[in-house]
Amino acid sequence: MMVRLHLQRIDIFSDIDNNGFLDENDFLCMAVRACVVEGKGDCSASRLEEYKKLMNNLWEEMCQIADDDKDGKISTAEFKEGVRKTCVGKKYSEFPQAMKAFIESNFRILDINGDGIVGIEEFRFNCITRMAIDDVAPIDKAFNALLTDEDRKVGGINMDRYKELYGQFLSNTAENHPAVYLFGPL
């Protein structure tokens with residue numbers, strides 16, 4: 001089932017400190033990462049506080065959804081089950097609020113030049129920062145698989161389309177859905 005593939009590929013919630021599970025520290029690290037990347041190296045105190053608040057809210061919501069044993073840690077199994085319960089088969093508008101806020105902030109990080117469109121260069125950059133790849137062609141193919149004719153007209157993926165794709169990535173169980181390429185080539 002494609003949900004398994006989606007959740008294995010999803011690296012937005014990663015064990016940044018490599019301790020084997022998600023915990024509050026991982027979400028604080030994601031706040032710093034998001035602030036620095038979005039700021040292209042700049043990390044203002046006010047923007048960092050916004051990201052910390054966002055990530056803290058997301059952590060608390062994830063705990064409510066996925067920390068079944070209430071130990072302050074979310075295992076891979078708990079995470080997958082939490083996403084399954086709250087996202088699979090649902091529309092983006094039905095996702096938990098903190099998840100939607102995270103997805104929107106993730107778009108702003110991807111949109112390096114701030115023009116409101118994630119183009120192929122920005123998509124490539126995002127992919128190569130997360131995976132080892134020896135050829136750009138598979139990245140380009142994955143990007144093009146995401147695009148509709150309207151996306152092509154504007155030169156990439158805007159915020160609304162990104163939210164739609166992200167929603168499909170998390171909720172769609174079809175094996176051949178274009179959203180499987182949201183994080184790059186398979």
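**Close-up views of a predicted chain**

View 1. Arg 161 is in contact (heavy atoms within 4.5 Å) with Leu 146, Leu 147, Thr 148, Asp 151 and Gln 168, leaving aside residues up to four places away in sequence. Arg 161 belongs to helix α9, residues 159-171; helices (H or I, at least four residues) and strands (E, at least two) are DSSP runs numbered from the N terminus. With a relative accessibility of 11%, Arg 161 counts as buried, that is, under 20% relative accessible area with a 1.4 Å probe and protein chains only. Residues are numbered from 1 along each chain as its sequence is written. Local features need pLDDT of at least 70, side-chain atom pairs count only at pLDDT 80 or more, totals for chains, interfaces and linings use all residues, and side-chain values use heavy atoms, without hydrogens and water.

**View 2. The largest nonpolar core.** A nonpolar core is a set of buried Ala, Val, Leu, Ile, Met, Phe, Trp, Tyr and Cys residues joined through side-chain atoms within 4.5 Å. Elements giving two or more residues to the core include α2 (24-38), α3 (45-66) and α9. The most comes from α3, with 10 residues.

**View 3. Surroundings of Tyr 162.** Leaving aside residues up to four places away in sequence, Tyr 162 touches Ile 103, Asn 106, Phe 107, Leu 110, Ile 157 and Leu 182.

Definitions and conventions
Buried < 20%, exposed > 50% of the residue type's maximum accessible area, 1.4 Å probe, protein only.
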